[in-house]
Amino acid sequence: MAKKKAEAPGETTLGATDAPTRLALLRSMLLQRRFEERCAEAYALGRIGGFCHLYIGQEACGTGVISMLRPDDYVITTYRDHGQAIARGISSRAVMAELFGRSDGCARGKGGSMHLFDRNTNFLGGHGIVGGHVPVATGVGFAIKYRGGDQACACFMGESVVNTGAFHEALNMAGLWKLPVVYIIENNRYGMGTALERASAIHDIYQRGAAYDMPRGVVDGQDVLAVRQAMGEALHRARTESMPTLLEVRTYRFMGHSMSDAVSGTYRSKQELEEYMQRDPINVLRHHMEAKGEIDDARMAALDDEVKAEVQDAWDFADASPEPALESLYEDVLVETTT
Amino acid sequence: MPVITYRDALNQALREEMQRDDRVFLMGEEVAVYQGAYKVSKGLLQEFGEMRVVDTPITELGFAGVGVGAAMVGLRPVIEFMTWNFALLAIDQVVNAAAKMLYMSGGQYHIPIVFRGPNGAALQLSAQHSQAWESWLAHIPGLKVVSPGTPYDAKGLLKAAIRDDNPVVFFEGEMMYNHKGEVPDEDYIIPLGKADLKREGEHCTLVTYGKSVPLALQVADTLAKEGIHLDVLDLRTIRPLDTEALATSVRKTNRVVVLEEGWEFCGVGAQIVDYCQRDCFDELDAPVVRVHQADVPMPYAKNIEKAAKPDAAKTIAAVRKVMYLD
């Protein structure tokens with residue numbers, strides 16, 4: 001953290017991992033990767049419609065952040081939400097069924113790829129208007145403080161959000177009122193096809209936190225262990241001091257912005273893409289674990305088979321799940337008031 | 001029964017609901033230390049403290065979103081817009097967040113929130129401060145839209161809005177805050193979605209709501225002296241609209257005038273006309289006539305501002321027209 005470091009019990013303990021935790025992180029990231037590779041296939045087959053934004057390359061961000069949360073904390077995010085939903089513990093079956101537009105989806109087929117929700121895991125949704133969910137996260141922080149708990153809210157956003165008015169308004173209030181929200185900027189360098197340098201007057205965007213007197217920092221988003229440590233510090237500050245944090249996580253999107261965008265696109269070179277792909281977050285952790293003797297090729301292959309089977313099961317489940325009943329069209333517009 | 005102002009009726013509703021339910025809080029610009037730009041929140045900071053009566057920066061989009069987030073995880077916010085003209089900056093939170101959350105979450109997250117404040121024109125505030133937004137928001141599935149026309153209705157409807165588990169858009173009026181009327185001290189609720197027949201007559205139905213209610217009653221009194229008796233149907237809730245009360249009145253009088261503050265094109269009156277032709281086509285003895293603001297931005301100069309607004313003379317002329325008296 002660049003500023004206002006909390007007097008935390010030694011940094012190493014905050015995001016520290018043991019071997020089983022590292023394996024769980026590896027498995028989660030691998031599951032997200034294999035899940036989304038099948039999403040691309042399903043999209044090409046017309047099983048998934050609408051917009052579909054893949055998280056491939058960015059898995060360490062959501063996995064690192066969410067692995068530090070308690071079940072009673074809250075997560076809110078953007079439309080690039082598949083990986084985070086799975087990291088939070090929504091079943092791959094419920095996510096795939098939602099993408100297929102089926103009644104067993106985590107939003108009953110009403111939300112689709114951009115709007116995954118799950119009350120059981122306090123997953124407050126993927127949101128489709130860039131910047132729109134950031135004030136909502138501030139409101140969640142307000143409610144936590146209002147009730148006097150020590151929960152926290154993790155709010156994910158892409159780097160292009162920092163140029164919206166909603167971001168400024170939301171972070172100003174969180175800084176002013178000292179609300180327990182961690183604002184995580186997943187800086188994948190491009191807002192759709194517009195490079196950060198072509199959109200923001202400053203390029204170290206975590207420094208925007210200075211305007212809100214907010215603790216802030218930047219971390220390598222390809223290293224899930226580094227993300228965990230930074231998130232650990234931010235959460236400690238949120239829980240013990242009710243302080244917000246602006247955390248910039250530097251990452252890279254290995255796929256196009258959405259399914260209509262070719263992988264390297266017109267806005268970045270193939271060479272640049274290939275350079276970034278050298279730091280695949282799954283391999284970064286895998287190499288770390290190999291050095292510790294915690295994984296080898298055979299165990300990695302077995303793990304891969306295991307998650308591929310889970311994804312196939314999710315696909316089969318989604319395929320078998322019925323379409324929403326026609327009468328559900330008119331359900332969930334208003335709720336019956338009971339008070 | 002005590003006679004109090006529309007402002008104090010709203011204040012009573014807020015106070016009673018905040019006493020009744022500690023999840024209810026009030027948030028907006030100048031609601032706390034300043035005691036409300038129009039003093040609707042007078043005394044609430046002193047009674048409930050700064051966590052429940054919250055002054056915000058000037059940041060409509062931001063604090064509307066804060067309300068949505070708080071509602072999502074179990075609180076019951078009342079968000080005050082100093083005027084609905086400023087709320088346009090917050091429209092994304094009202095339309096894309098509050099109104100959609102229940103649906104796009106497949107029924108998992110309801111948003112019990114009230115967005116309230118004065119709507120429509122006051123006096124000589126010109127184009128940006130004089131707009132009536134109810135037709136915009138009534139267009140959106142997932143919202144309830146309420147606009148009380150009397151102090152009694154203001155209290156009962158605001159209490160119902162706060163207790164409702166859905167997002168409720170609540171339109172008041174700067175020119176109404178000083179209106180006086182009988183308001184019981186005790187707890188009462190006016191259910192949302194129910195219109196109120198404020199005058200009974202057999203010759204013509206005058207449909208209206210909100211700030212136009214006192215004007216409609218004045219017109220009814222004037223015309224009664226000429227032997228023309230109006231049903232004055234106060235919608236009270238614009239969405240969901242009480243189509244049954246509308247049809248009942250139209251089937252009795254066979255003639256309809258709609259009076260609203262806003263512009264004509266896609267206005268609330270257009271929807272009323274549609275319900276009339278759908279439900280009462282054979283019972284109509286004349287085309288429905290609409291009274292509304294002139295189709296221009298609101299001007300500043302007194303004379304042309306007056307010419308732009310609906311008034312008694314225009315409403316009386318409309319009634320005479322549907323009764324073929326001219």
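Which kind of link do the side chains of E197(A) and R189(A) form, and what is the distance from N to O?

Mentor: The model is predicted. In it, the side chains of E197(A) and R189(A) form a salt bridge, with 3.7 Å from N to O. E197(A) is partly exposed, its relative accessible area being 38%.

Another pair in chain A is E59(A) with R33(A), a salt bridge whose closest N and O atoms are 2.7 Å apart. E59(A) belongs to helix α3 (residues 59-67) and R33(A) to helix α2 (residues 19-44) of chain A, so this pair ties together parts that are 26 residues apart in sequence. E59(A) is buried, at a relative accessible area of 0%, and R33(A) is buried as well, at 8%.

R236(B) sits in the loop between β11 (230-234) and β12 (237-239), while D153(B) is in helix α8 (residues 151-163) of chain B, so the pair ties together parts that are 83 residues apart in sequence. Both residues, R236(B) and D153(B), are buried.

Chain B also has a network of salt bridges, which links E16(B), E17(B), R20(B), K155(B), K159(B), R163(B) and D187(B).

Over all chains, a search of the whole structure gives 55 salt bridges. Across the interface of chain A and chain B, however, the rule finds zero salt bridges. What the rule does find across that interface is 17 residue pairs in polar contact, with both residues at pLDDT 80 or more.

Definitions and conventions. Residues are numbered from 1 along each chain as its sequence is written. Chains are lettered from A and ligands numbered from 1 in the order in which they are written. This is a predicted model: local features need pLDDT of at least 70, side-chain atom pairs count only at pLDDT 80 or more; totals for chains, interfaces and linings use all residues. Side-chain values use heavy atoms; hydrogens and water are left out. A salt bridge is a side-chain nitrogen of Lys or Arg within 4 Å of a carboxyl oxygen of Asp or Glu. A polar contact is a pair of N or O atoms within 3.5 Å; within protein, one must be able to donate a hydrogen and the other to accept it, and residues adjacent in sequence count only if both atoms are side-chain atoms. Helices (H or I, at least four residues) and strands (E, at least two) are DSSP runs, numbered from the N terminus. Buried means under 20% relative accessible area, exposed over 50%, partly exposed in between (1.4 Å probe, protein chains only).
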